[in-house]
Amino acid sequence: MTRYFFTRLAGAIPTLFIIITFSFFLMRAAPGGPFDREQALPPEIAANIQSAYGLDQPVWVQYGRYLRAVLHGDFGPSFKYQDFTVTELIGQGFPITLQLGLLALALALFLGVPLGTFAALHHNSAADFATMSLAVLGIAIPAFVVLPFLGLLFGVHLHWLPVAGWEPGSIKHLVLPVFALALPPLAYVARLTRGSMLEVLRSHYIRTAFAKGLPLRTVIVRHALRPALTPVASYLVPAAASILTGSLVVESIAGLPGIGRYLVQGAINRDYTLVLGMVIIYSTLLIGMGLLVDLLYAWLDPRVRFAK
Amino acid sequence: MVATLRIDELSVSFAHRTGTAAAVDGVSLCIAPAECVGVVGESGSGKTQLFLAVMGLAGNAKVSGSIRFQGEELLGAAAPAINRVRGSKLTMMFQDPMTSLTPHLSIGTQLAEVVVCHLGRSWGEARIAAGRMLERVRIPEPQRRLNQYPHELSGGMRQRVMLAMSLLCEPALVIADEPTSALDVTIQAQIIGLLRAVRGEAGTALALISHDLAVVAGLADRILVMYAGRIVEHGAAAELFRQPRHPYTAGLLECVPSLSGPRLARLPTLAGQPPRPGEALQGCSFAPRCPRAADRCRSERPVLTGASTRQVACHFPLA
Amino acid sequence: MRGFAGGALERLRANPAAVLALGVIFAVVVTALLGPWLNPNDTHTIDWLHVAARPGLQSAHWFGTDRLGRDLYARTLAGARVSMAIGLVASILSVVVGVSYGAISGYLGGRIDQAMMRVIEIFSGLPLIFFVILLTVIFGRSESLLFISIGAVGWLTMARIVRGQALSIRRQDFIAAAVASGAGAGRIIARHVVPNVIGPVIVYATLTVPQIMLFESFLSFLGLGIQEPGASLGTLIAEGVGEMEAAPWMLAVPGSLLAVLLLCLNILGDGLRDALDVREG
C-alpha cells in the first residue's frame, strides 16, 4: 500500500515541476516587462526595481533562484501590490477560497451520491425522472449564472440571505456561493452515481447479498456503494478543477476576499509573480487531489492494491 | 409433518416487447425435511428461475401461485418477514463463485455479517463462528482465509465459502444452483463429497439444481425433470434412472457417456432446441423434439399423472 | 453507414426532450438573426429618456434598457449572435484540431503517439482558465488570444476519442492492404479513420459548443474576453450582476437566454449520444 502511494507521488512531482518550469519560462519569454506601463519610469528607479526583482540576472540564474524560493514557500513580492509579498496575499485569501471549495465539494458528494442512489433504486419512476431532469439543469447552467439568480431570489426578493459580502466566521454569506459552486458537480455526481449504481445492482454479488437476507440499507451501504463510487472517484479531480475555476467568478460576484480575484486582477495587471504563484498553488492543489483520488481507488477496490 | 418447502402452481413470467414470457409455468413440488431433491433440465428450462422466485429474487418478473416454507407463505410476504427466513433457514448458493462474492469485502466480513444479521451475535463472535464453518467445509488455514479477499481464492475455495455462507445459521433448506458447473472435474467431486457430508451431519434438506445428471445421481433422493418451464417427470432417483418414463428423461440419460458401456462412434444427442420462453406452444412442449410424438401430443398438453411419488406428464410414456 | 445514420435519426426523433431542445435552439437562432428586423432599436443608440427602464411589451423597449439607455432586446440578441458565432466557429476549430491530432497520433503510434499523448495529459492536468490567464498576463488582452484559447476547449476529448479509433483501426488487415497498394498515411487516415469516428465526433462537437459558449461567457464575465463595445452574453451578464438589486432585468434577460441555450445544447448532445450509442473510448 505504501509502495503504491509512493509510486503515485513519484509520478506527480515531475508534472508539477513541468508546470512550474513552463510557466516561468513562458513569462520570461513574454514581450514587454511587467513594468511596461503607460508612464516610463526614471532610469534609476527602473534599475533598482530590476535588481530588486532579479531581472538583470541571466535567465537560468533567475530560474534557479525562483525554484529555490518556491520550495521554501516564497513566491516573491507582488509586482502590483508593492507592499505585499505574494505569500502574504495568498495567506490572506487562501483560507477563504479553501473553505468555499471544500464546502462545495463536500456538498456535491454528500448530496449527489444519495440523490443518485435514490434515483437508481426508483429506476424508471417519476422520482427518477424528476431527479435526472434537475441534474441536466444543474450540469448545463454554470455557477456564474446560477449565483446571481439565486441572489435575486433569496437575497433581493425574499431577503433571506445576503447577496454579497463577507464577515469572518459568517456562515450565511457562504450559503449561496457554496451552493452555486456545488450545483454543477453535484448534478454530475448524481448522474454518475445513478448509472453506476444501476449497473452494480445487477451484479451477482448483490444478488448473493440479498439472498443472505440482509436488509436493503445494508446491501446498499456495505456491498453496493464502494464499487458504485469508482466513477465518482474518477470525477473528483475534474470536479475540483471545475470548483476552482468557478470560485474565480463566484468570489467576485459574492464579494468574497479569496485568492480567486488575485488571479484575475493579476492577469489584467500583468503581475507576474502573483499569477505564477497562484498557478503553482492551484496546480499543487489539483495534483494533490489527484494523489488523494489514487489512494481512494485503492480503498474502494482492494484488487488495485495488488496490481503492478 | 410439515413439508420444508411446498410450492403450488408457481408461475414466473416476464414482460417483453411482444407480450409475456413464462419462464416457469404452473410448477408444484414438495421438499420434505432432510430430503435431497435434484432438479434437472437444460438451460432455459426454468429450474433456476423457479428457485430464484422462491428466494424472492425474481426481479421484475410477475410471480403467481404459492410458496410455503415451513408452513409460512413467502409469496407476497412483507420484506422483513422474508429477510428473516432468507439467508438463515432458507439459503441459496449460486453457480458462479467468481462473481457471486463481493470483491471489496473480506471473506470474514461476508461470512460474519450473516451471523450478525440473523443471530444477533457480536462481530467478534460471528468471526469465530465463520472460522469454524470454514473448517467444516474443509478449507485449509481458515484463519488466514478470513482476512483474504475473494480474488485471492481459487474457484473451488470460493464455492466452499458460498456453501459455508449457506450453512452458518443451520438452514432447513439449502438451494444449490449448479454448484459445480464452473469448476474443474476434480474439484467438482470434492464439492459433491462435501455436500454429501454436510447433509449427513446436519440433516439439512437440499435442492440441487443441475443440468448434469452425474452430479445429481450421486446425491439426490428424488429427481424432478423440468422442460420449458414445467415439470415433465419426477420420482425416486434410483427408479427414475433405471426406468425413465418421459422421452425427454430417457433422452437425457442416453446422452450421458458411460465408461463401462460399448464404445460409440458418435455421442448421442437430443436433436433440436428447447423452446424459447416467449414461444406459445400448443400441446406438449417437447413434441417438436420427441421421437414418439403423435398428433395428440401436438394438440393436447399433457399433465402430470401417476402415483404421488412417481409422476410423468406424457400422453405416451415409456413403459 | 446509411443504415446506421437512419436508425440513429429514429432514436433521436423518439426522444422528446432532445427534439424540444432542437426546436428551442432553432427558435433562438432564428430570432437572433431576424430579431433586429422586428424591433427598430439597435445596440448602441442611447435613449436618454429611458435609462434603466423596465421591460414592457407596450413600451418601446421590450426588454427594457441598460444603465446607459441602450435597448436590452437588441443588445441581448446581438450578444446571443456573438456567443453563438464564437461557439460555432471555435467548435469547428476544435473539431478540426482535435480530429487531426488524434488521427495522426493514433495512426502513427509508437513513440510519437506517446509523446503526443503526454502533451494532452499535461494540458488536461490544469484547467484551461489558468492557461488563459497565464497567456493574458504575458500577451495582454487580445481578441485573437481569446479565439485561440476558446478553440482550445474541447479538442482534448476529441483528440482522445479519435486516437483510440485510429489505434484500433491501424491494426486491421485492410490497412495493411491499403499500405501495400501504396496509399499514403494521409489518404488512409482520411479514407478509413475519419468515417469511423464521425459518430462520436458529432456528439462531442455538439457537447463542445455549450462548453465553449460557457467558457467564453466566463472569460467575458471576468473581463478577459470580449471587450467593449462588442458584447457577448457573458459581458451582458457581468453588467447585469452589477445592477442586480436595482434593475434585475438586466441580469435576468441575458442570463436566462444563456441558461436556456446551454441547457438545450446539452440535452441535444445527450440525445445524440444516446441515439448514436456512443461511449468514450
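This is a predicted model: local features need pLDDT of at least 70, side-chain atom pairs count only at pLDDT 80 or more; totals for chains, interfaces and linings use all residues.
Which residues in H4(A) meet which residues in H10(A)?

The helices are H4, residues 86-121 of chain A, and H10, residues 230-254 of chain A. Two packed helices are described by the angle between their axes and the distance between the axes. Here the angle is about 135 degrees, and the axes lie 10 Å apart. Angles over 145 degrees would count as roughly antiparallel and 65 to 115 as roughly perpendicular, so H4(A) and H10(A) are oblique to each other. Their crossing is right-handed.

Now the residues. On the H4(A) side we have Thr97(A), Leu100(A), Gly101(A), Ala104(A), Leu105(A), Ala108(A) and Val113(A). Facing them from H10(A) are Val232(A), Ala239(A), Ala240(A), Ile243(A), Leu244(A), Ser247(A) and Glu251(A). Sorted by class, this contact between H4(A) and H10(A) has ten nonpolar residues, three polar ones and one charged one.

Next, chain B as a whole. Its secondary structure comes to eleven helices and twelve strands. The C-alpha trace spans about 65 × 50 × 40 Å along the principal axes of chain B. What radius of gyration does chain B have, and what would a compact globule have? Chain B has 20 Å, which agrees with the value near 20 Å for a compact globule of 319 residues.

Of its 319 residues, 45% count as buried. As for contacts between residues at least 6 apart in sequence, 64% of them in chain B join residues at least 24 apart.

Note on methods
Residues are numbered from 1 along each chain as its sequence is written. Chains are lettered from A and ligands numbered from 1 in the order in which they are written. Helices (H or I, at least four residues) and strands (E, at least two) are DSSP runs, numbered from the N terminus. The radius of gyration is taken over C-alpha atoms; the globule rule is 2.2 Å times the number of residues to the power 0.38. A residue is buried if 20 or more other C-beta atoms lie within 10 Å of its own, exposed if 12 or fewer, and partly exposed in between; C-beta atoms are placed from the backbone. Two residues are in contact if their C-beta atoms, placed from the backbone, lie within 7 Å. Axes are lines fitted to C-alpha atoms, for helices over the stretch in contact, and angles run from 0 to 180 degrees between N-to-C directions. Angles under 35 degrees count as roughly parallel, over 145 as roughly antiparallel, 65 to 115 as roughly perpendicular and the rest as oblique. A crossing is left-handed if the near helix is turned anticlockwise from the far one by less than a right angle, and right-handed if clockwise. Ala, Val, Leu, Ile, Met, Phe, Trp, Tyr, Cys and Pro count as nonpolar, Asp, Glu, Lys and Arg as charged, and the others, Gly among them, as polar.
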